[in-house]
Amino acid sequence: MAEVSVDAIAILQFMEDMLLEIPGESERIVIDRERCGHCGSCVSVCAPMAIVLLDTFVMVDHGICTGCLDCVYACPVGAIEGR
Ligand code: SF4
Ligand code: SF4
C-alpha cells in the first residue's frame, strides 16, 4: 500500500473536521491516532462502512456512523473512544 504523505494526512484531517460538522448519531466517536496500530479491526466490524483506513490514517465519517460502538469494542489497543 502506498505511503500517505504529510500533505495528504493534513487534507484527510481537514476532511474529517468538515465531516464532524455534519450532524450524525455519533459525533462522540473519537480515534486516538497516536495509539492506533492501523490493524483494520474497526473497519471490519463497521457495518455502514463509516471508517476509512488509509495506510496510517484512520477516520470516521460521522455522517453515516450509527453510533453502535462496535468499533470501540473491536479495537485491540483501546484507540477508539465513545464520548
Ligand atoms: S460506532 Fe458503529 S457505525 Fe460508528 S464508526 Fe463505530 S462501528 Fe462504525
Ligand atoms: S481497531 Fe484500533 S488500532 Fe485497529 S485500525 Fe482501528 S483504531 Fe486503529
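This note walks through a predicted model in numbered points, from the overall fold to single residues.

1. **Ground rules.** Residues are numbered from 1 along each chain as its sequence is written, while chains are lettered from A and ligands numbered from 1 in the order in which they are written. Since the model is predicted, local features need pLDDT of at least 70 and side-chain atom pairs count only at pLDDT 80 or more, whereas totals for chains, interfaces and linings use all residues.

2. **The overall layout.** You will find three helices and four strands in the chain. Here helices (H or I, at least four residues) and strands (E, at least two) are DSSP runs, numbered from the N terminus. In sequence order the pattern reads α-β-α-β-β-α-β.

3. The chain has 83 residues, and 22% of them are buried. A residue is called buried if 20 or more other C-beta atoms lie within 10 Å of its own, exposed if 12 or fewer, and partly exposed in between, with C-beta atoms placed from the backbone. Two residues are in contact if their C-beta atoms, placed from the backbone, lie within 7 Å. Of the contacts between residues at least 6 apart in sequence, 69% link residues at least 24 apart.

4. **The largest nonpolar core.** A nonpolar core is a set of buried Ala, Val, Leu, Ile, Met, Phe, Trp, Tyr and Cys residues joined through C-beta atoms within 7 Å. The largest one holds 14 residues, and those touching the most other members are Cys42, Ile51, Val60, Cys71 and Ile80. Strand 1 (29-31) and strand 3 (57-60) are the elements that give two or more residues to this core. Strand 3 supplies the largest share, three residues.

5. Strand 2 (residues 51-54) pairs with strand 3 in the antiparallel sense, over four bridges. Strands pair if DSSP finds at least two bridges between them. Leu53 has Val58 of strand 3 as its bridge partner, and Leu54 has Phe57 of strand 3. Two residues lie between the strands of this hairpin, and Asp55 in the turn has a positive phi of about 55°.

6. **Around ligand 1.** A residue is near a molecule if its C-beta atom, placed from the backbone, lies within 6 Å of it. By that rule 15 residues surround ligand 1, with Cys46, Cys65, Cys68, Asp70 and Cys71 the closest. This shell is made up of 11 nonpolar residues, three polar and one charged. Ala, Val, Leu, Ile, Met, Phe, Trp, Tyr, Cys and Pro count as nonpolar, Asp, Glu, Lys and Arg as charged, and the others, Gly among them, as polar.

7. **Around ligand 2.** Ligand 2 also has 15 residues around it, and Cys36, Cys39, Ser41, Cys42 and Cys75 come nearest. The shell of ligand 2 has 11 nonpolar residues, four polar and no charged.

8. Asp32 sits in the loop between strand 1 and helix 2, and Asp32 counts as partly exposed because it has 13 C-beta neighbours inside 10 Å. The C-alpha atoms of Asp32 and Ile80 are 6.3 Å apart, although 48 residues separate the two along the chain. Glu34 is in the loop between strand 1 and helix 2 (41-45). Glu34 has 6 C-beta neighbours inside 10 Å and so counts as exposed. Between the C-alpha atoms of Glu34 and Ala79, 45 residues apart along the chain, the separation is 8.2 Å.

9. **Two positive phi angles outside glycine.** Met49, which is not a glycine, has a positive phi of about 55°. Met49 lies in the loop between helix 2 and strand 2 and counts as exposed, with 10 C-beta neighbours inside 10 Å. Leu69 has a positive phi near 75°. Its place is the loop between strand 3 and helix 3 (70-74), and with 15 other C-beta atoms within 10 Å Leu69 is partly exposed.

10. **Val77.** Where does Val77 lie? Val77 is in the loop between helix 3 and strand 4 (80-82), and is exposed, with 11 other C-beta atoms within 10 Å. Leaving aside neighbours within four places in sequence, Val77 is in contact with Arg35 and Gly37. The C-alpha atoms of Val77 and Cys36, 41 residues apart along the chain, are separated by 7.0 Å.
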